[in-house]
Amino acid sequence: MESMGKKKPRPRRSFTAEFKAEIVELCQRGDRSVGQVAKDFDLTETAVREWLRQAERDAGTGDGGLTTSEKDELAALRRENRRLREDVEILKRATAFFVKETR
């Protein structure tokens, strides 16, 4: 017996920046609605609307969220911060080891 009205989740897909830019351009032209563009390209409306919001942020007219370059920079800084914390932890252990060895 089939489950009642439950859809199988769609596998997560990734799209190139160029593809997203083309979709945003189609929506901004105004020929078709966001829903129609999403349907034509087998995308979710939510994804297309988020791409539109991100394009507005990148253009400086958005809702004040982070631009794509700011998101990239934040991700890089978080990676660096994580690596530096690991380095500090290693140095703490090494210091404790050498203090113990010299006594």
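A residue is called buried when its relative accessible area is under 20%, exposed when this value is over 50%, and partly exposed in between (1.4 Å probe, protein chains only). By this criterion Arg57 is buried, with a relative accessible area of 12%. The structure described here is a predicted model, in which local features need pLDDT of at least 70 and side-chain atom pairs count only at pLDDT 80 or more, while totals for chains, interfaces and linings use all residues. Residues are numbered from 1 along each chain as its sequence is written, and side-chain values use heavy atoms, with hydrogens and water left out.

The protein chain contains 4 helices and 0 strands, where helices (H or I, at least four residues) and strands (E, at least two) are DSSP runs numbered from the N terminus. Read from the N terminus, the order of elements is α-α-α-α. The C-alpha trace spans about 80 × 50 × 20 Å along its principal axes. The radius of gyration of the chain is 23 Å, whereas a compact globule of 103 residues would have a value near 13 Å; the quantity is taken over C-alpha atoms, and the globule rule is 2.2 Å times the number of residues to the power 0.38. Of the 103 residues, 14% count as buried. The chain exposes about 9000 Å², of which carbon and sulfur atoms supply 53%; accessible areas come from the Shrake-Rupley method with a 1.4 Å probe, and for residues only the protein chains shown count as cover. Among contacts (heavy atoms within 4.5 Å) with a separation of 6 or more, 32% join residues 24 or more positions apart.

Helix 3 was then examined as an element. Helix 3 has 15 residues and reaches 21 Å from its first C-alpha to its last, close to the 21 Å expected at 1.5 Å a residue; the expected span is 1.5 Å times one less than the number of residues. Its buried residues are Val48, Trp51, Leu52, Gln54 and Arg57. These buried residues pack against helix 1, helix 2 and helix 4. After helix 3 comes Gly60, whose phi is positive, near 90°.

Gln54 illustrates the buried part of this helix. Gln54 is located in helix 3 and counts as buried because its relative accessible area is 11%. When residues up to four places away in sequence are left aside, Gln54 touches Leu66, Thr67, Thr68 and Lys71. Its side chain also makes a polar contact with the side chain of Arg57, at 2.9 Å. A polar contact is a pair of N or O atoms within 3.5 Å; within protein, one must be able to donate a hydrogen and the other to accept it, and residues adjacent in sequence count only if both atoms are side-chain atoms.

Charged side chains were considered next. Side chains of opposite charge can pair when their charged atoms come close. With a salt bridge defined as a side-chain nitrogen of Lys or Arg within 4 Å of a carboxyl oxygen of Asp or Glu, the count comes to 8 salt bridges. Arg57 takes part in one of them, meeting Glu50 at 3.3 Å, N to O. Glu50 is partly exposed, at 30% relative accessibility, whereas Arg57 is buried. Glu50 and Arg57 belong, together with Arg53, to a network of salt bridges.

A further salt bridge joins the side chains of Glu89 and Arg93 (3.7 Å, N to O). Both residues lie in helix 4 (residues 68–102), 4 residues apart, which is about one turn of the helix. An α-helix has 3.6 residues a turn, so residues three or four places apart point the same way. Glu89 is partly exposed, with a relative accessible area of 36%, and Arg93 is exposed, at 59%.

Asp42 lies in the loop between helix 2 (34–40) and helix 3 (45–59), and its relative accessibility of 46% places it among the partly exposed residues. Asp42 touches Arg10 and Arg13, not counting residues up to four places away in sequence. With Arg13, Asp42 forms a salt bridge in which the closest N and O atoms are 3.8 Å apart. Arg13 belongs to the segment before helix 1 (17–29), so the pair ties together parts that are 29 residues apart in sequence. Arg13 is partly exposed, at 36% relative accessibility. Asp42 and Ser69, in turn, are 27 residues apart in sequence and 27 Å apart in space, C-alpha to C-alpha.
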